[in-house]
Number of protein chains: 2
Amino acid sequence: MDISLFAIFLLACCAAGATGAVFKPGAWYKSLEKPWFTPPDWVFPVAWTSIYLLISFAGARLAVIEGNAYAMAFWAAQAALSTLWTPLFFGLRRIKGALLAMGPLWISVAGCTYTAFALDFWAGLAFVPYLIWVTVAAALNVEMWRLNPDVSPLSTD
Amino acid sequence: MDISLFAIFLLACCAAGATGAVFKPGAWYKSLEKPWFTPPDWVFPVAWTSIYLLISFAGARLAVIEGNAYAMAFWAAQAALSTLWTPLFFGLRRIKGALLAMGPLWISVAGCTYTAFALDFWAGLAFVPYLIWVTVAAALNVEMWRLNPDVSPLSTD
(Lines give C-alpha, C1' and ligand atoms only; values in the text may rest on other atoms or scores of the structure.)
Protein backbone atom coordinates (compact mmCIF):
# COMPACT_ATOMS: atom_id res chain seq x y z
CA MET A 1 0.00 0.00 0.00
CA ASP A 2 1.23 3.47 -0.96
CA ILE A 3 1.29 5.46 2.27
CA SER A 4 0.97 8.85 0.50
CA LEU A 5 -2.20 7.67 -1.23
CA PHE A 6 -3.50 6.37 2.10
CA ALA A 7 -2.77 9.82 3.62
CA ILE A 8 -4.70 11.70 0.90
CA PHE A 9 -7.74 9.43 1.25
CA LEU A 10 -7.47 9.83 5.03
CA LEU A 11 -7.41 13.62 4.54
CA ALA A 12 -10.78 13.32 2.78
CA CYS A 13 -12.06 11.26 5.73
CA CYS A 14 -10.73 13.89 8.15
CA ALA A 15 -12.87 16.50 6.39
CA ALA A 16 -15.91 14.29 7.00
CA GLY A 17 -14.81 13.60 10.56
CA ALA A 18 -14.24 17.30 11.27
CA THR A 19 -17.95 17.94 10.77
CA GLY A 20 -18.63 15.56 13.68
CA ALA A 21 -16.15 17.48 15.83
CA VAL A 22 -17.60 20.94 15.14
CA PHE A 23 -21.31 20.10 14.82
CA LYS A 24 -21.75 18.30 18.10
CA PRO A 25 -24.91 16.39 19.08
CA GLY A 26 -25.40 18.29 22.37
CA ALA A 27 -28.65 18.95 24.22
CA TRP A 28 -30.80 18.98 21.10
CA TYR A 29 -29.80 15.43 20.14
CA LYS A 30 -30.28 14.24 23.72
CA SER A 31 -33.82 15.59 23.66
CA LEU A 32 -34.82 13.60 20.55
CA GLU A 33 -36.92 10.46 20.76
CA LYS A 34 -34.64 7.67 19.57
CA PRO A 35 -35.36 4.17 18.30
CA TRP A 36 -34.47 1.12 20.42
CA PHE A 37 -31.42 0.29 18.29
CA THR A 38 -29.65 3.65 18.81
CA PRO A 39 -26.04 2.88 19.79
CA PRO A 40 -24.62 4.56 22.92
CA ASP A 41 -22.79 7.84 22.23
CA TRP A 42 -19.28 6.41 22.65
CA VAL A 43 -19.83 3.98 19.75
CA PHE A 44 -20.03 6.76 17.13
CA PRO A 45 -16.45 8.11 17.24
CA VAL A 46 -15.06 4.59 17.59
CA ALA A 47 -17.05 3.35 14.60
CA TRP A 48 -16.22 6.35 12.42
CA THR A 49 -12.50 6.27 13.24
CA SER A 50 -12.31 2.57 12.37
CA ILE A 51 -14.29 3.12 9.18
CA TYR A 52 -12.11 6.05 8.07
CA LEU A 53 -8.95 3.99 8.51
CA LEU A 54 -10.45 1.00 6.69
CA ILE A 55 -11.79 2.92 3.71
CA SER A 56 -8.56 4.93 3.36
CA PHE A 57 -6.74 1.60 3.20
CA ALA A 58 -9.28 0.40 0.62
CA GLY A 59 -8.93 3.64 -1.36
CA ALA A 60 -5.15 3.35 -1.50
CA ARG A 61 -5.40 -0.26 -2.72
CA LEU A 62 -8.10 0.45 -5.30
CA ALA A 63 -6.42 3.59 -6.64
CA VAL A 64 -3.54 1.60 -8.14
CA ILE A 65 -5.70 -1.06 -9.80
CA GLU A 66 -6.59 -0.70 -13.45
CA GLY A 67 -10.34 -0.51 -14.05
CA ASN A 68 -10.97 1.39 -10.80
CA ALA A 69 -13.16 4.08 -12.42
CA TYR A 70 -16.47 3.37 -10.64
CA ALA A 71 -14.80 2.47 -7.35
CA MET A 72 -12.99 5.84 -7.35
CA ALA A 73 -16.08 7.78 -8.40
CA PHE A 74 -18.17 6.18 -5.62
CA TRP A 75 -15.34 6.75 -3.12
CA ALA A 76 -15.34 10.48 -3.91
CA ALA A 77 -19.15 10.64 -3.71
CA GLN A 78 -19.34 8.95 -0.30
CA ALA A 79 -16.65 11.32 1.04
CA ALA A 80 -18.56 14.43 0.01
CA LEU A 81 -22.00 13.09 1.04
CA SER A 82 -20.69 11.95 4.40
CA THR A 83 -19.24 15.45 4.97
CA LEU A 84 -22.63 16.93 4.05
CA TRP A 85 -24.78 14.80 6.34
CA THR A 86 -23.54 16.03 9.74
CA PRO A 87 -24.01 19.79 9.13
CA LEU A 88 -27.52 19.05 7.85
CA PHE A 89 -28.52 16.89 10.80
CA PHE A 90 -26.62 18.35 13.75
CA GLY A 91 -25.89 21.80 12.34
CA LEU A 92 -29.27 22.74 10.89
CA ARG A 93 -31.30 20.03 12.72
CA ARG A 94 -32.92 19.10 9.42
CA ILE A 95 -33.83 15.50 10.24
CA LYS A 96 -35.79 15.07 7.02
CA GLY A 97 -33.36 17.10 4.91
CA ALA A 98 -30.48 14.93 6.11
CA LEU A 99 -32.25 11.94 4.53
CA LEU A 100 -31.66 13.57 1.13
CA ALA A 101 -27.93 13.16 1.79
CA MET A 102 -28.28 9.77 3.50
CA GLY A 103 -30.00 8.10 0.52
CA PRO A 104 -27.24 8.89 -2.02
CA LEU A 105 -24.63 8.20 0.70
CA TRP A 106 -25.99 4.69 1.21
CA ILE A 107 -26.00 4.10 -2.56
CA SER A 108 -22.41 5.39 -2.84
CA VAL A 109 -21.16 3.13 -0.04
CA ALA A 110 -22.98 0.15 -1.56
CA GLY A 111 -21.39 1.11 -4.90
CA CYS A 112 -17.95 1.28 -3.27
CA THR A 113 -18.40 -2.13 -1.64
CA TYR A 114 -19.64 -3.80 -4.80
CA THR A 115 -17.00 -2.34 -7.13
CA ALA A 116 -14.22 -2.88 -4.57
CA PHE A 117 -15.00 -6.59 -4.25
CA ALA A 118 -14.82 -6.88 -8.02
CA LEU A 119 -11.27 -5.46 -8.00
CA ASP A 120 -9.68 -6.59 -4.74
CA PHE A 121 -11.01 -8.84 -1.98
CA TRP A 122 -9.37 -6.97 0.92
CA ALA A 123 -10.57 -3.58 -0.29
CA GLY A 124 -14.09 -4.99 -0.60
CA LEU A 125 -13.91 -6.46 2.89
CA ALA A 126 -12.70 -3.12 4.25
CA PHE A 127 -15.93 -1.52 3.05
CA VAL A 128 -18.27 -4.04 4.73
CA PRO A 129 -18.28 -2.39 8.20
CA TYR A 130 -19.05 0.96 6.54
CA LEU A 131 -21.95 -0.53 4.59
CA ILE A 132 -23.36 -2.06 7.80
CA TRP A 133 -22.85 1.21 9.69
CA VAL A 134 -24.41 3.43 7.05
CA THR A 135 -27.38 1.05 6.90
CA VAL A 136 -27.84 1.47 10.66
CA ALA A 137 -27.32 5.23 10.32
CA ALA A 138 -29.95 5.43 7.58
CA ALA A 139 -32.41 3.46 9.72
CA LEU A 140 -31.66 5.77 12.68
CA ASN A 141 -32.22 8.84 10.53
CA VAL A 142 -35.56 7.52 9.23
CA GLU A 143 -36.73 6.48 12.70
CA MET A 144 -35.73 9.79 14.29
CA TRP A 145 -37.71 11.58 11.63
CA ARG A 146 -40.72 9.34 12.32
CA LEU A 147 -40.44 9.63 16.12
CA ASN A 148 -39.92 13.41 16.18
CA PRO A 149 -42.51 14.81 13.80
CA ASP A 150 -42.68 18.16 15.61
CA VAL A 151 -38.99 19.00 15.68
CA SER A 152 -38.36 21.98 13.43
CA PRO A 153 -35.06 22.85 11.79
CA LEU A 154 -32.85 25.52 13.30
CA SER A 155 -33.57 28.93 11.90
CA THR A 156 -30.45 30.73 10.73
CA ASP A 157 -30.27 34.47 10.41
CA MET B 1 -16.72 10.21 -21.65
CA ASP B 2 -18.76 7.72 -19.60
CA ILE B 3 -21.94 9.59 -18.63
CA SER B 4 -22.57 7.39 -15.54
CA LEU B 5 -19.12 8.24 -14.21
CA PHE B 6 -19.74 11.90 -14.93
CA ALA B 7 -23.02 11.63 -12.98
CA ILE B 8 -21.37 10.06 -9.91
CA PHE B 9 -18.65 12.74 -9.82
CA LEU B 10 -21.36 15.37 -10.28
CA LEU B 11 -23.24 13.83 -7.33
CA ALA B 12 -20.15 14.47 -5.18
CA CYS B 13 -20.12 18.08 -6.43
CA CYS B 14 -23.83 18.40 -5.63
CA ALA B 15 -23.06 17.48 -2.01
CA ALA B 16 -20.53 20.32 -1.91
CA GLY B 17 -22.95 22.64 -3.70
CA ALA B 18 -25.79 21.76 -1.33
CA THR B 19 -23.83 23.30 1.55
CA GLY B 20 -23.92 26.60 -0.32
CA ALA B 21 -27.68 26.30 -0.72
CA VAL B 22 -28.42 25.55 2.94
CA PHE B 23 -25.74 27.66 4.65
CA LYS B 24 -26.51 30.97 3.01
CA PRO B 25 -24.34 34.08 3.38
CA GLY B 26 -27.17 36.30 4.63
CA ALA B 27 -26.95 39.37 6.84
CA TRP B 28 -23.86 38.19 8.69
CA TYR B 29 -21.79 37.95 5.49
CA LYS B 30 -23.09 41.33 4.31
CA SER B 31 -21.89 42.87 7.57
CA LEU B 32 -18.30 41.65 7.14
CA GLU B 33 -15.51 43.92 6.00
CA LYS B 34 -14.44 42.58 2.62
CA PRO B 35 -11.28 43.05 0.58
CA TRP B 36 -11.33 45.09 -2.63
CA PHE B 37 -11.18 41.99 -4.83
CA THR B 38 -14.38 40.37 -3.43
CA PRO B 39 -16.50 39.31 -6.43
CA PRO B 40 -20.16 40.41 -6.52
CA ASP B 41 -22.58 37.84 -5.04
CA TRP B 42 -23.94 36.61 -8.37
CA VAL B 43 -20.46 35.42 -9.42
CA PHE B 44 -20.30 32.69 -6.76
CA PRO B 45 -23.09 30.36 -7.96
CA VAL B 46 -22.07 30.88 -11.60
CA ALA B 47 -18.44 30.08 -10.82
CA TRP B 48 -19.23 27.03 -8.70
CA THR B 49 -21.72 25.59 -11.20
CA SER B 50 -19.19 25.92 -14.02
CA ILE B 51 -16.44 24.42 -11.85
CA TYR B 52 -18.60 21.47 -10.78
CA LEU B 53 -19.41 20.63 -14.40
CA LEU B 54 -15.79 20.98 -15.47
CA ILE B 55 -14.30 18.86 -12.69
CA SER B 56 -16.96 16.16 -13.09
CA PHE B 57 -15.98 16.02 -16.75
CA ALA B 58 -12.31 15.82 -15.69
CA GLY B 59 -13.10 13.14 -13.10
CA ALA B 60 -14.90 10.98 -15.66
CA ARG B 61 -11.97 11.25 -18.08
CA LEU B 62 -9.29 10.60 -15.45
CA ALA B 63 -11.16 7.67 -13.86
CA VAL B 64 -10.67 5.49 -16.94
CA ILE B 65 -6.96 6.23 -17.37
CA GLU B 66 -4.41 3.83 -15.96
CA GLY B 67 -2.12 5.43 -13.40
CA ASN B 68 -4.86 7.71 -12.07
CA ALA B 69 -4.20 6.91 -8.38
CA TYR B 70 -3.11 10.36 -7.17
CA ALA B 71 -5.54 12.21 -9.41
CA MET B 72 -8.43 10.19 -7.96
CA ALA B 73 -7.21 10.55 -4.37
CA PHE B 74 -6.90 14.34 -4.75
CA TRP B 75 -10.30 14.48 -6.47
CA ALA B 76 -11.91 12.77 -3.46
CA ALA B 77 -10.06 15.03 -1.02
CA GLN B 78 -11.13 18.26 -2.74
CA ALA B 79 -14.75 17.05 -2.81
CA ALA B 80 -14.84 16.41 0.94
CA LEU B 81 -12.86 19.56 1.86
CA SER B 82 -14.99 21.74 -0.35
CA THR B 83 -18.11 20.30 1.36
CA LEU B 84 -16.56 21.08 4.75
CA TRP B 85 -15.61 24.70 4.08
CA THR B 86 -19.09 26.24 3.72
CA PRO B 87 -20.58 24.91 6.99
CA LEU B 88 -17.45 26.12 8.81
CA PHE B 89 -17.51 29.61 7.29
CA PHE B 90 -21.21 30.37 6.78
CA GLY B 91 -22.69 27.83 9.21
CA LEU B 92 -20.48 28.37 12.25
CA ARG B 93 -18.98 31.69 11.14
CA ARG B 94 -15.53 30.39 11.95
CA ILE B 95 -13.52 32.59 9.61
CA LYS B 96 -10.22 31.36 11.02
CA GLY B 97 -11.37 27.74 11.41
CA ALA B 98 -12.44 27.69 7.75
CA LEU B 99 -8.81 28.38 6.81
CA LEU B 100 -7.95 24.95 8.23
CA ALA B 101 -10.15 23.48 5.49
CA MET B 102 -9.09 25.99 2.85
CA GLY B 103 -5.37 25.17 3.09
CA PRO B 104 -5.74 21.43 2.39
CA LEU B 105 -8.44 22.24 -0.19
CA TRP B 106 -6.04 24.46 -2.12
CA ILE B 107 -3.36 21.75 -1.98
CA SER B 108 -5.87 19.11 -3.17
CA VAL B 109 -7.00 21.23 -6.11
CA ALA B 110 -3.38 21.98 -7.03
CA GLY B 111 -2.72 18.22 -6.75
CA CYS B 112 -5.69 17.50 -9.02
CA THR B 113 -4.53 20.02 -11.62
CA TYR B 114 -0.94 18.77 -11.63
CA THR B 115 -1.77 15.05 -11.78
CA ALA B 116 -4.56 15.62 -14.31
CA PHE B 117 -2.22 17.42 -16.72
CA ALA B 118 0.19 14.50 -16.47
CA LEU B 119 -2.56 12.09 -17.59
CA ASP B 120 -4.81 14.04 -19.94
CA PHE B 121 -4.52 17.59 -21.30
CA TRP B 122 -8.28 18.30 -21.33
CA ALA B 123 -8.79 17.04 -17.79
CA GLY B 124 -5.90 19.22 -16.63
CA LEU B 125 -7.30 22.24 -18.43
CA ALA B 126 -10.72 21.60 -16.84
CA PHE B 127 -9.11 22.04 -13.41
CA VAL B 128 -7.47 25.40 -14.16
CA PRO B 129 -10.55 27.58 -13.44
CA TYR B 130 -11.01 25.72 -10.14
CA LEU B 131 -7.37 26.34 -9.17
CA ILE B 132 -7.72 30.04 -9.97
CA TRP B 133 -11.04 30.23 -8.09
CA VAL B 134 -9.80 28.43 -5.00
CA THR B 135 -6.76 30.71 -4.95
CA VAL B 136 -9.07 33.74 -4.95
CA ALA B 137 -11.28 32.04 -2.32
CA ALA B 138 -8.27 31.37 -0.10
CA ALA B 139 -7.13 35.00 -0.43
CA LEU B 140 -10.69 36.17 0.41
CA ASN B 141 -10.79 33.90 3.46
CA VAL B 142 -7.43 35.20 4.72
CA GLU B 143 -8.36 38.83 4.10
CA MET B 144 -11.77 38.50 5.76
CA TRP B 145 -10.05 37.04 8.79
CA ARG B 146 -7.57 39.94 8.83
CA LEU B 147 -10.25 42.62 8.26
CA ASN B 148 -12.71 41.24 10.84
CA PRO B 149 -10.63 40.46 13.92
CA ASP B 150 -13.56 40.94 16.32
CA VAL B 151 -16.08 38.64 14.64
CA SER B 152 -16.72 35.69 16.89
CA PRO B 153 -17.98 32.28 15.77
CA LEU B 154 -21.63 31.39 16.20
CA SER B 155 -22.31 29.71 19.49
CA THR B 156 -24.25 26.47 19.13
CA ASP B 157 -26.25 24.91 21.94
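## Gly59 and helix 3 of chain B

B:Gly59 sits in helix 3 of chain B, which spans residues 43-63. This is a predicted model. B:Gly59 has a relative accessibility of 0%, so the residue counts as buried. Beyond its neighbours within four places in sequence, B:Gly59 contacts B:Phe9, B:Met72 and B:Trp75. B:Leu32 lies 27 residues away in sequence, and the C-alpha atoms of B:Leu32 and B:Gly59 are 35 Å apart.

## Helix 1 against helix 3 in chain B

Two packed helices are described by the angle between their axes and the distance between those axes. Helix 1 of chain B (residues 3-22) and helix 3 of chain B cross at roughly 140°, and their axes come within 8 Å. That angle makes the two helices of chain B oblique to each other. The crossing of helix 1 and helix 3 of chain B is right-handed.

Helix 1 of chain B contributes B:Leu5, B:Phe6, B:Phe9, B:Leu10, B:Cys13, B:Ala16 and B:Gly17 to the contact. From helix 3 of chain B come B:Tyr52, B:Leu53, B:Ile55, B:Ser56, B:Phe57, B:Gly59, B:Ala60 and B:Ala63. What classes of residue make up this contact of helix 1 with helix 3 of chain B? There are 12 nonpolar residues, three polar and no charged.

## Helix 6 of chain A and its partners

Helix 3 of chain A (residues 43-63) packs on helix 6 of chain A at an angle of about 145°, with the axes 8 Å apart. Their crossing is left-handed. On the helix 3 side of chain A, the residues include A:Val43, A:Phe44, A:Ala47, A:Trp48, A:Ile51 and A:Arg61. On the helix 6 side of chain A, they include A:Trp122, A:Ala126, A:Pro129, A:Trp133 and A:Leu140. The contact of helix 3 with helix 6 of chain A has 18 nonpolar residues, no polar and one charged.

Helix 4 of chain A (residues 69-91) also packs with helix 6 of chain A (residues 121-147). The angle is about 30° and the axes are 14 Å apart. Helix 4 of chain A is therefore roughly parallel to helix 6 of chain A. This crossing of helix 4 and helix 6 of chain A is left-handed. A:Trp75, A:Gln78, A:Ser82, A:Trp85 and A:Phe89 of helix 4 of chain A meet A:Phe127, A:Tyr130, A:Asn141 and A:Met144 of helix 6 of chain A. By class, the contact of helix 4 with helix 6 of chain A has six nonpolar, three polar and no charged residues.

## Leu140 in helix 6

A:Leu140 belongs to helix 6 of chain A. Is A:Leu140 buried or exposed? Its relative accessible area is 5%, so A:Leu140 is buried. Leaving out residues up to four places away in sequence, A:Leu140 touches A:Pro35, A:Phe37, A:Thr38, A:Pro39 and A:Phe44. A:Gly59 is 81 residues from A:Leu140 in sequence, and their C-alpha atoms are 27 Å apart.

## Contacts between the chains

A:Asn68 lies in the loop between helix 3 and helix 4 of chain A. With a relative accessible area of 1%, A:Asn68 is buried. Which residue does the side chain of A:Asn68 join in a polar contact of 3.1 Å? The partner is the side chain of B:Asn68.

A:Thr19 is in helix 1 of chain A (residues 3-22). A:Thr19 is buried, at 0% relative accessible area. Its side chain makes a polar contact of 3.2 Å with the side chain of A:Thr86. Apart from residues up to four places away in sequence, A:Thr19 touches A:Thr83, A:Thr86, A:Pro87 and B:Leu84.

## Positive phi at Arg93

Most residues other than glycine have a negative phi. A:Arg93 is not a glycine, yet its phi is positive, at about 55°. B:Arg93 also has a positive phi, near 55°. A:Arg93 is placed in the loop between helix 4 and helix 5 (95-119) of chain A. B:Arg93 is in the loop between helix 4 (69-91) and helix 5 (95-119) of chain B.

A:Arg93 is buried, with a relative accessible area of 17%. B:Arg93 is buried too, at 16%.

Key: Residues are numbered from 1 along each chain as its sequence is written. Chains are lettered from A and ligands numbered from 1 in the order in which they are written. This is a predicted model: local features need pLDDT of at least 70, side-chain atom pairs count only at pLDDT 80 or more; totals for chains, interfaces and linings use all residues. Side-chain values use heavy atoms; hydrogens and water are left out. Helices (H or I, at least four residues) and strands (E, at least two) are DSSP runs, numbered from the N terminus. Buried means under 20% relative accessible area, exposed over 50%, partly exposed in between (1.4 Å probe, protein chains only). Contact means heavy atoms within 4.5 Å. A polar contact is a pair of N or O atoms within 3.5 Å; within protein, one must be able to donate a hydrogen and the other to accept it, and residues adjacent in sequence count only if both atoms are side-chain atoms. Axes are lines fitted to C-alpha atoms, for helices over the stretch in contact, and angles run from 0 to 180 degrees between N-to-C directions. Angles under 35 degrees count as roughly parallel, over 145 as roughly antiparallel, 65 to 115 as roughly perpendicular and the rest as oblique. A crossing is left-handed if the near helix is turned anticlockwise from the far one by less than a right angle, and right-handed if clockwise. Ala, Val, Leu, Ile, Met, Phe, Trp, Tyr, Cys and Pro count as nonpolar, Asp, Glu, Lys and Arg as charged, and the others, Gly among them, as polar.
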